[in-house]
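Hello,

Here is the structure I promised to pass on to you. Please open it beside this email, and I will then tell you what I found in it.

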Number of protein chains: 2
Amino acid sequence: MTSVGEKASGVEPRQAVEPVRGPVVSPGERRARAAWSRISEPDDARAGALVREFGAEQALADVLSGSSSVPEVFRMRAERLAIDRDLEIAHQVGARIVCPGDTDWPEGVDDLPHPPICLWVRGPGDLALLASRSVSIVGARSSTRYGEMMANDLAAGVADRGFGVVSGAAFGIDGAAHRGALAVDGFTVAVLAGGVERAYPVAHSRLIEAIAESGAVISEVAPGSAPTRPRFLLRNRLIAALTCGTVVVEAGLRSGSLNTARTAVDLGRPVGVVPGPVTSMVSAGCHQASRDGMAVLVTDVAEVVDLLGAYGSEAAPRPRGPSRPTDDLDPVDAQVLAVVPFRKAIDATAIALAAGLAPHAVAAGLPRLALVGLVVRDGAGWKKVPEKRTP
Amino acid sequence: MTSVGEKASGVEPRQAVEPVRGPVVSPGERRARAAWSRISEPDDARAGALVREFGAEQALADVLSGSSSVPEVFRMRAERLAIDRDLEIAHQVGARIVCPGDTDWPEGVDDLPHPPICLWVRGPGDLALLASRSVSIVGARSSTRYGEMMANDLAAGVADRGFGVVSGAAFGIDGAAHRGALAVDGFTVAVLAGGVERAYPVAHSRLIEAIAESGAVISEVAPGSAPTRPRFLLRNRLIAALTCGTVVVEAGLRSGSLNTARTAVDLGRPVGVVPGPVTSMVSAGCHQASRDGMAVLVTDVAEVVDLLGAYGSEAAPRPRGPSRPTDDLDPVDAQVLAVVPFRKAIDATAIALAAGLAPHAVAAGLPRLALVGLVVRDGAGWKKVPEKRTP
């Protein structure tokens with residue numbers, strides 16, 4: 001059995017315990033919060049309440065003293081606690097502990113019903129930036145080439161415009177999103193379901209290393225914790241809470257990324273979904289989210305930025321088709337133009353009859369149309385100039 | 001100059017003048033309405049007002065007598081009227097004139113600001129059926145194979161469920177929709193922008209013939225009228241008004257089918273759009289309509305039927321992914337299951353520690369999980385049975 005609360009100084013590695021800046025949290029409290037991230041599962045209401053009420057150190061001492069009001073599993077886990085080992089692992093991978101009150105605490109997570117007690121963070125990225133300019137880009141592991149291309153392009157586009165891109169480092173869409181952000185030297189954050197020292201999936205070890213070098217790899221659970229299925233769902237809630245909005249690129253009807261989207265909605269954050277062919281099962285979840293009114297469609301970078309809202313001046317330009325010389329025509333002139341033939345010229349009366357317009361309206365409209373090069377005089381009549389589309 | 005109003009009987013072909021049943025409209029009035037469909041363009045507020053106020057016969061007489069309050073173009077066109085020729089053309093192609101008050105008048109069009117004065121109709125189809133059970137399926141002429149397949153499948157599906165499928169007989173989506181309905185011997189209606197005797201586009205002559213044989217080919221303009229550009233837009237408003245709702249399968253950002261959709265919205269009819277890859281320009285208009293809140297996504301026949309609303313019992317079943325044996329698990333049991341290993345069995349205490357659950361909860365959960373075949377005892381411990389998906 002390892003006693004923890006009292007060992008605020010001593011063998012524990014400095015890097016793991018001290019914050020990047022703004023040391024509001026005492027070393028003892030920080031160390032105890034690290035311990036709680038092993039004792040309790042993420043989203044545990046009881047652990048959060050104890051830490052909030054008594055402080056992490058006192059709550060931990062209460063658990064170790066066998067207070068009857070504390071859940072038994074907390075005591076069982078606290079007795080097996082090896083916080084120095086956890087901190088040593090964190091030290092080895094260059095991870096630090098970020099706590100509420102630290103200047104790089106990501107404020108968005110405080111909107112969760114049960115916010116993390118602390119976060120284990122690898123990498124130089126400042127998580128506080130996520131509160132104002134970030135997006136989660138998530139989706140199916142069994143993605144298509146289309147989905148991966150979209151995730152990559154959207155992530156690169158928003159990262160290039162200064163948005164942090166948060167995802168789960170999984171196969172498929174998540175990986176493509178991280179890679180897109182890295183490709184433009186953007187800020188990207190991977191949120192892991194297991195310990196921050198454990199690259200999962202293993203095949204993404206290099207990707208996760210690259211993220212840790214320039215951005216951040218973070219987890220709510222202590223080093224050495226396995227990425228179990230419930231922790232993936234709990235991790236998803238964190239992805240949604242860290243960011244200003246969530247974009248689901250591809251998702252089957254039961255995809256975990258819909259879970260992320262649902263959390264975002266619960267937190268009042270906007271959700272976008274990328275549409276795809278209805279014949280693709282990994283677009284079905286996206287389409288359903290739109291039908292349910294949970295999400296809006298996003299089809300390009302501008303629309304994602306627009307979704308995130310706070311940046312009015314960056315509102316997406318409304319996409320338009322190619323412009324045409326006939327775009328600004330008066331409706332009457334358009335009616336005139338519609339009946340003027342290309343080949344054989346006809347006179348104004350014939351035009352009036354064909355268009356169902358008053359002769360004086362036709363007489364006024366024809367010179368206007370000639371002025372913009374849409375019709376030409378030909379003898380006593382008029383004929384049309386073939387329309388060219390401007391690019 | 002041809003006088004019209006007085007020639008209620010005589011040379012005109014009976015078939016073109018008499019309604020299918022329910023002769024509320026007098027032969028003279030019917031004939032005069034036919035004349036008005038040549039004198040005025042569709043959606044003309046003045047013509048509609050004159051016919052409503054004075055009756056079609058009297059309004060026509062007023063025009064011919066040179067009443068000063070009548071628009072000049074009406075007089076010019078009325079003087080050139082050859083209603084017998086129009087009726088003869090209609091007779092030759094087996095068209096009839098359907099007027100408000102006839103039992104096969106499609107009531108939906110009365111919701112338009114300026115309803116048709118009459119409709120020229122070829123084919124045995126009863127247009128009155130459209131009021132209760134119909135859908136417009138429209139879209140781009142420059143469609144993709146994906147879009148054509150979707151239009152065909154959706155049209156076949158709804159036609160098979162007794163819905164009339166209305167479209168514009170154009171290349172691309174329209175043609176695919178008509179063909180889908182015909183393929184299941186469904187009821188389909190083509191609305192033309194020009195005269196009902198003139199197959200447009202010409203390459204769809206056979207398709208339009210097939211529609212006229214079993215359903216209906218209709219137009220608001222008199223036989224011999226050319227399909228001019230303004231008439232296409234006016235035709236589109238009629239497509240929307242004829243049906244209970246509109247589905248746009250593919251549409252570029254400037255597609256005329258968005259015009260149909262906008263009319264449907266103005267008339268309070270639901271609009272669905274089929275999503276597609278964002279890389280396809282002919283899906284861009286569909287996506288924009290969804291983003292604008294003008295339309296909901298529809299991805300299959302059930303969702304189209306659901307869109308049309310009136311049939312509560314046919315509401316689309318919510319699509320679900322494949323079911324799994326773990327679907328109905330109690331959340332605590334799911335947490336237990338998540339930490340039970342596949343290979344090496346572990347005991348209940350180790351499971352409680354890994355899951356962060358009270359030992360008694362784990363002790364209760366393991367036998368329940370064993371009962372549904374998800375875990376098995378192995379010595380003093382438990383291990384997981386590999387999960388199988390049910391189809």
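This is a predicted model: local features need pLDDT of at least 70, side-chain atom pairs count only at pLDDT 80 or more; totals for chains, interfaces and linings use all residues.

Residues are numbered from 1 along each chain as its sequence is written, while chains are lettered from A and ligands numbered from 1 in the order in which they are written.

Let's start with the two chains.

Where the chains meet, 42 residues of chain A are in contact with 42 residues of chain B (contact means C-beta atoms, placed from the backbone, within 7 Å). Helix 12 (281–291) is one of the elements of chain A that supply at least two residues to this side, and helix 12 of chain A gives the most, with 5 residues. Helices here are DSSP runs of H or I with at least four residues, strands are runs of E with at least two, and both are numbered from the N terminus. The copies meet through the same surface, because 100% of the interface residues of chain A are also interface residues in chain B.

Next, a helix pair. The axes of helix 10 (residues 229–242) and helix 11 (residues 256–266) of chain A come within 8 Å and cross at roughly 45° (axes are lines fitted to C-alpha atoms, for helices over the stretch in contact, with angles from 0 to 180 degrees between N-to-C directions). That makes helix 10 of chain A oblique to helix 11 of chain A; angles under 35 degrees count as roughly parallel, over 145 as roughly antiparallel, 65 to 115 as roughly perpendicular and the rest as oblique. Among the residues making the contact are A:F232 and A:L233 of helix 10 and A:G256 of helix 11.

Finally, the backbone. A cis peptide bond joins A:Y200 and A:P201, with omega about 0°, and A:P201 is found in the loop between strand 5 (188–192) and helix 9 (205–214) of chain A. In chain B, the peptide bond from B:Y200 to B:P201 is cis too.

Happy exploring!

Conventions: Two residues are in contact if their C-beta atoms, placed from the backbone, lie within 7 Å.
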